[in-house]
Amino acid sequence: MILERKTESGTIFYIGNEAIGCLLQTVYGKLQLLHLGIPLFPEDAKALDASRLLGWGNDVLYEDGDPASCLDTIPLAWSENRIGDYRESSIELLSGGQAVSGDFVFYSSEILKEEEGEEDSCMPHARGTHETLKLVFRPLSSLLRDISLELRFSLFETVLVRQTLLENRSEQSVFVTKLMSSCFDLHGDFRMSTFDGGWIREMHRHDVPVTFSRIVNESTNGSSSNRHNPGFLLSAADAGEDSGEVYGFNLIWSGNHYGSAQRTATGYTRVLQGIGQEDLCYEIVPGARFETPDAVIAWSGDGYNGLSGKMHRFVNSCIVPENWRYRERPVLYNSWEGCMFSFTETKLLSLAKKAKKIGCELFVLDDGWFGARNDDHAGLGDYSVNRRKLPGGLEGLSRKVHAEGLQFGLWFEPEAVNPDSDCYRAHPDWVLSSPGNRDLYGRNELLLDLTKKEVRDYIVESVSAILDRAAVEYVKWDMNRCSPVSGNKAYDYVLGLYEVLGRIFGPRPAILLEGCASGGNRFDLGMLCFAPQIWASDDTDPIERLDIQNGLSYLYPLSTVGAHISAAPHSMTLRSTPMSTRANVSFFGAFGIEFDLDGMQAVDEAELKETITFFKKHRSTFQFGRFRRNPAENGAVCWQVTGEEETLCGLFHRLLPAGPEIEWLRVKGLEKEMRYRVESRPQLLRVKQFGGLLKHILPVRIDPEGAVLRIADHHYKMMDGQYSAVCSGAVLASGIPIHKRFSGTGYDPSMRVQGDFGSNLFTITKEQ
Ligand code: DGJ
C-alpha cells in the first residue's frame with residue numbers, strides 16, 4: 001500500500017505492507033524519514049515527527065528564524081551538503097566547474113503501477129507485483145537549472161526498493177561525482193555485519209559496532225567483489241538469529257559499490273547505499289539522465305533468520321529470470337577440477353558416462369575447449385574450437401553427451417582476452433585500458449572494453465552462434481581478473497555487460513546461466529537478474545564452504561549458490577574430508593560434482609550414486625525451502641531448511657576434540673505439539689580411516705598400509721551409526737542429544753564415527 005496525505009506539517013507518504021513500513025514527510029521541502037521498519041499506520045506520523053524537537057547550539061538553520069529548521073538534526077531520507085546538514089551527503093554534482101548538491105526541494109509525487117517508467121532503463125530491475133512512489137525534486141541552487149531529481153520507492157512483497165534518477169533538461173552538461181541509490185537516518189544502536197574476504201575466502205561475516213566514525217563497505221575492483229559484498233546488515237545490539245530487529249541492505253548492481261553507516265550525536269545512524277564514487281565524474285549531457293542501481297532494503301523483527309527469509313523470497317520471486325523462478329536446478333557435472341585444461345573428447349565422454357551413471361543430469365565442459373587454450377596464457381577472446389581436443393567440434397561432443405541422456409553445458413569467459421589470441425592480434429584497440437597506465441595482467445589476461453559497441457557486438461555474435469550451433473543448455477559465464485579502470489568507465493563497463501547478457505540470454509530463456517568470477521568475485525543481485533545461480537567460490541573444501549555458504553545465506557537463497565562435491569584431499573587446502581561432509585555441505589545449494597570420476601573406487605561410486613539419489617528426492621526442499629541458521633556448540637554449524645513436507649538439518653563440525661561433548665540437535669519453527677520422526681542420512685565409513693586400530697578388533701593381523709586393507713577400503717561398505725528418534729516439535733526446538741561420537745574407547749554400532757570434519761544430515765518428517 002502506498003498512501004499520500006497532505007497535512008499542515010507537510011505531505012506524508014506511507015509505503016507499507018505486512019513485511020515493512022516506511023513513513024516519509026516533506027519538511028522545508030526536504031524528505032524527512034519518520035520511520036523505517038515494523039509496519040505501522042500513516043496516522044502515526046505525528047507521534048513520530050522529531051523535527052520540532054531538535055536544533056540548537058551552533059547549528060545552521062535552513063529557515064532563518066526557525067530554530068527547528070536545522071537539517072543536521074532531522075532524520076532524512078535524502079541528504080545534501082552545504083545546506084546545514086553536515087552528515088554524509090547522498091549527492092555531489094559539478095556544474096560550471098563548481099561543486100554543488102543542489103538544495104533540491106519537493107516538487108511533485110506520483111504513484112506508479114508495476115514497471116511503468118522503466119522501459120528505457122539501462123539497469124536490471126526486480127520484477128513482480130509492486131507499486132512505486134515517485135517523488136520529484138527541483139533544485140533551488142542558482143548553479144543548477146532545469147535539473148530534476150527523482151527518488152523512487154518501490155514496495156515488493158517482502159522488501160522496499162529505492163532508486164535515484166537525475167535528469168538534465170538544461171542546455172549545459174552537469175557532472176555526477178556522487179549519486180546514492182538510498183539514504184536513511186535510522187534511530188537506534190546498531191551493529192553492522194559485512195561479508196568480506198578475497199579469492200577462495202569469500203563472504204566471511206564480520207561485525208562491528210556502528211559508532212561515530214564512518215564505516216564504509218565498498219568495492220573498487222570493478223566488480224561487486226569478493227572483498228566486500230554489496231550486501232550488509234544493521235542489527236540491534238540484542239538481535240540474534242531468531243529475535244531482535246535487523247535491517248538488510250543490498251544493491252542490484254555488479255560493479256563498484258559504496259555503503260556506509262555513521263552515527264551522529266542525535267542518536268540517528270545515516271545509512272547510504274549506491275555505486276562506488278571513486279574517480280566518478282559522469283557527464284550528463286543536455287537531455288540525458290543518470291540512473292542509479294536499485295537499492296534493496298528489508299527489515300525483520302525476528303532476527304537474522306527472519307531477515308534472510310525475506311531476502312530469499314525476494315530473490316527467488318523477483319530477481320532471478322522468470323523462466324527459472326522456483327525451478328529445480330539440474331545436478332551438474334563440471335570438468336574443471338578433474339581435467340583443468342587437459343582433456344580429449346574420449347576423456348570427456350568417459351566422464352559423461354560415469355556422471356550419468358551416478359545420476360548427474362547436466363554435463364559441463366569448463367575452460368580449455370577453444371583456440372590455443374592449453375593453459376591460461378592463450379586463447380581467451382577466440383571462439384574457434386580446439387579440434388585436437390575435440391575432433392568432432394562442440395556439435396559432435398554435444399550430440400554425444402545428449403545421446404548419453406545428459407544436458408550439455410559450456411564455459412565461456414567472454415569479457416577477457418589473452419594477448420596470445422587471434423582476437424587480440426586483430427583488435428589490440430579493444431582492450432580496456434586505464435589512460436596513461438601500462439596494461440597490467442591478471443591471470444595473464446586483459447579485459448575487453450565492453451563500453452565499445454563493436455566489442456559488445458563481437459561477444460554477442462560469437463557466443464550466440466556457439467550456443468545455437470551446439471545446442472547448449474547451460475552456460476558458465478566466468479571473469480577472472482579485477483578491472484584496470486575506475487569511475488565512469490567502470491560504471492559504463494557494467495552497463496555494457498548487462499546489455500551483452502540481455503542480448504544473448506534474453507532470446508534464449510531456456511538456457512541456465514551460472515555466473516562466476518574467479519568464484520565469488522561477482523556474487524550480487526545484478527548478475528542474479530540474468531543468472532539464476534552463481535559459482536560461490538573456487539574453494540570447494542567443505543569446511544571452508546561452511547563460512548562462505550553461511551555468509552551467503554544471510555542475503556542469497558540456496559537456489560542461487562553453486563556448490564559442488566570435489567576431491568579429497570582438497571586441491572587448495574590439502575584437507576581430507578569425508579565424502580559425506582562434502583555432500584552434506586553441497587546439498588545446501590545448486591548441487592554438482594566436480595572431480596575426475598575415472599579411477600573412482602567402487603565404494604565411492606556407490607556412495608555418490610546414493611548421495612545424488614538422496615539429493616534429488618529432497619532437492620526442492622534444499623533449494624526453495626525456508627532456510628535457517630540454528631545454534632550449535634563448539635564452532636559447529638547447523639543449517640536447517642523446511643519445505644512443505646519435511647525439514648532437513650545439516651550439523652557440521654570442524655576439529656573433533658578428544659572426549660567430545662554430547663552433541664545436541666535443534667530444529668526450529670516446527671509445530672510444537674506435532675510428533676516428528678528424526679532420521680540421519682545413512683553415511684558410509686571408510687575402513688582405512690581406522691588404520692592401526694583395526695588390529696585390536698580383528699582376529700587376524702592386518703598391515704594398515706598393506707594391500708588387504710586397501711582392497712577392503714575400496715570395496716567394503718561399512719555404515720556409520722544411524723540416528724533415529726520420534727519426538728515433539730517443542731523438544732526439537734530446545735534440542736535433543738544425539739548419538740555419541742567415537743572417541744577412542746569402545747565401539748558400538750550406533751556411535752557416530754566422525755573424526756575431524758564430520759557431519760550428519762537429518763530428515764525430519766511428521767510422524768503419521
Ligand atoms: C575460474 C572459475 O572459478 C573456475 O571454476 C574455472 O571455471 C576456472 N576459472 C577456469 O579457468
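Okay, let's start at the largest pocket: its lining takes at least three residues from domain 2 (330-624) and at least three from domain 3 (640-683 + 720-766). Those bounds come from an automatic or database domain assignment.

Before I go on, a word on the source. This is a predicted model, with residues numbered from 1 along each chain as its sequence is written. Local features need pLDDT of at least 70, side-chain atom pairs count only at pLDDT 80 or more, totals for chains, interfaces and linings use all residues, and side-chain values use heavy atoms, with hydrogens and water left out.

Back to that pocket. Its volume is about 690 Å³. By pocket I mean an open set of points on a 1 Å grid over the protein atoms alone, with protein on both sides within 12 Å along at least five of seven lines; a lining residue has an atom within 4 Å of a point. Grid points are joined across faces, edges and corners, and the volume is the space filled by probe spheres set on the points. There are 30 lining residues, and Thr577, Pro578, Met579, Arg582 and Arg686 sit closest to the centre. Which elements give two or more residues to the lining? Those are α11 (579-586), α12 (602-624) and β37 (684-685), and α11 gives the most, with 3 residues. Helices here are DSSP runs of H or I with at least four residues, strands are runs of E with at least two, and both are numbered from the N terminus. By class, the lining has 9 nonpolar, 11 polar and 10 charged residues.

Now, the interface of domains 2 and 3. Their centres, taken over C-alpha atoms, are 35 Å apart. On the domain 2 side, Asn584, Phe588 and Thr621 supply 32% of what that domain buries against domain 3, more than any other three residues. How many salt bridges cross the interface of domain 2 and domain 3? The rule finds 1. The rule asks for a side-chain nitrogen of Lys or Arg within 4 Å of a carboxyl oxygen of Asp or Glu. Asp547 and Arg654 also meet in a salt bridge through their side chains, at 3.3 Å, N to O.

Over to domain 1 (2-319). The second largest pocket draws at least three lining residues from domain 1 and at least three from domain 2. About 570 Å³ of space lies in that pocket. It is lined by 29 residues, with Pro321, Gly502, Gly506, Cys529 and Phe530 nearest its centre. Both α2 (303-319) and α8 supply at least two of the lining residues, and α8 gives the most, with 5. This lining divides into 17 nonpolar, 5 polar and 7 charged residues.

Then the cavities: sets of points where a 1.4 Å probe fits but cannot get out. The count is 7 of 30 Å³ or more. Of its 14 lining residues, the closest to the centre are Gly222, Ser223, Ser483, Tyr493 and Val494. Where does this cavity lie? Domain 1 and domain 2 both give residues to its lining, so it lies between them. Helix α8 (residues 487-505) turns up here too, giving the most to the lining with 4 residues. The classes are 8 nonpolar, 5 polar and 1 charged.

Last, a few local things. The whole structure holds 56 salt bridges, and one of them joins Arg629 to Glu241, with the closest N and O atoms 3.0 Å apart. Arg629 lies in strand β32 (residues 626-630) and Glu241 in the loop between β15 (228-236) and β16 (246-251), so the pair ties together parts 388 residues apart in sequence. There's a cis peptide bond between Ala568 and Pro569, omega about 0°, and Pro569 lies in the loop between β30 (561-565) and α11.

Terms used
Ala, Val, Leu, Ile, Met, Phe, Trp, Tyr, Cys and Pro count as nonpolar, Asp, Glu, Lys and Arg as charged, and the others, Gly among them, as polar. Buried area is the accessible area (1.4 Å probe) that two parts lose on being put together, summed over both.
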